[in-house]
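Subject: Structure handover

Hello,

Here is the structure I said I would pass on. My notes on it come after the coordinates.

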Amino acid sequence: MAELEKDRLRITLHVYDEEIEVVVKREEEEYYRAAAKLITERFNAYSQAYKGRKSDHTIALMTLIDVALLYQKEHTHNDTSPYDNVLARLTAEIEEALKD
């Protein structure tokens, strides 16, 4: 692989029972490590609960759904568009009132 830029790192993440080598932005390294830890923890929890009753593939999909659900909840929680709409409307009303 070509020489890495100074703002990129090649790191190895332990995800469940695998080591995965990735190239990441230096400032995002902690996020990648936290994501790998979260995936491993969730996979282990599902694996303990369903081992022998569900395939590893199904357990992996359940883990993906769990992590995606966390993401969706957080994404919705941080949605500022309703506030942006109210602020835009109030700004328009203030500007209209100032014209008079």
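This is a predicted model: local features need pLDDT of at least 70, side-chain atom pairs count only at pLDDT 80 or more; totals for chains, interfaces and linings use all residues.

Helix H1

Helix H1 covers residues 29–50. With 22 residues at 1.5 Å each, H1 should span 32 Å, and the 31 Å between its end C-alpha atoms agrees with that. Its buried residues are Ala36, Thr40, Phe43, Tyr46 and Ser47. Viewed down the axis of H1, these buried residues fall within an arc of 140°, so they line one face of the helix. The general rule behind such a pattern is that an α-helix has 3.6 residues a turn, so residues three or four places apart point the same way. Strand S1 (8–15) and helix H2 (56–77) are among the elements that cover the buried residues of H1. On the other side of H1, the exposed residues include Glu30, Tyr31, Lys37 and Gln48.

As a reminder, side chains of opposite charge can pair when their charged atoms come close.

- Which of the two partners is buried, given a cut-off of under 20% relative accessible area? Asp66 is buried, since its value is 14%, whereas Arg42 has 28% and is therefore partly exposed.
- Asp56 counts as partly exposed, with a relative accessibility of 39%.

Surface patch

Val86, Leu87, Leu90, Ile94 and Leu98 form a nonpolar patch on the surface, and together they have about 490 Å² of accessible area. Val86 lies in helix H3, residues 81–99, and Leu87 is placed in helix H3 as well. How do these two stand in terms of exposure? Val86 has a relative accessibility of 36% and so counts as partly exposed. Leu87 has a relative accessible area of 53%, so it is exposed, the cut-off for that class being over 50%. For a sense of distance, the C-alpha atoms of Leu87 and Glu21 are separated by 45 Å, and the two residues are 66 apart along the chain.

Backbone angles

Most residues other than glycine have a negative phi. Tyr16 has a positive phi, near 55°, although it is a residue other than glycine. Tyr16 sits in the loop between S1 and strand S2 (18–25). At 23% relative accessibility, Tyr16 counts as partly exposed. The other angle I noted belongs to Gly52, which follows H1 and has a positive phi near 90°.

Regards

Definitions and conventions:
Residues are numbered from 1 along each chain as its sequence is written. Side-chain values use heavy atoms; hydrogens and water are left out. Helices (H or I, at least four residues) and strands (E, at least two) are DSSP runs, numbered from the N terminus. The expected span of a helix is 1.5 Å times one less than its number of residues. Buried means under 20% relative accessible area, exposed over 50%, partly exposed in between (1.4 Å probe, protein chains only). The arc is that of the directions from the helix axis to the C-beta atoms. Contact means heavy atoms within 4.5 Å. Patches are made of residues with over 30% relative accessible area and no salt bridge: like charges are joined within 9 Å, nonpolar side chains (Val, Leu, Ile, Met, Phe, Trp, Tyr) within 5 Å. Accessible areas come from the Shrake-Rupley method with a 1.4 Å probe; for residues, only the protein chains shown count as cover. A salt bridge is a side-chain nitrogen of Lys or Arg within 4 Å of a carboxyl oxygen of Asp or Glu.
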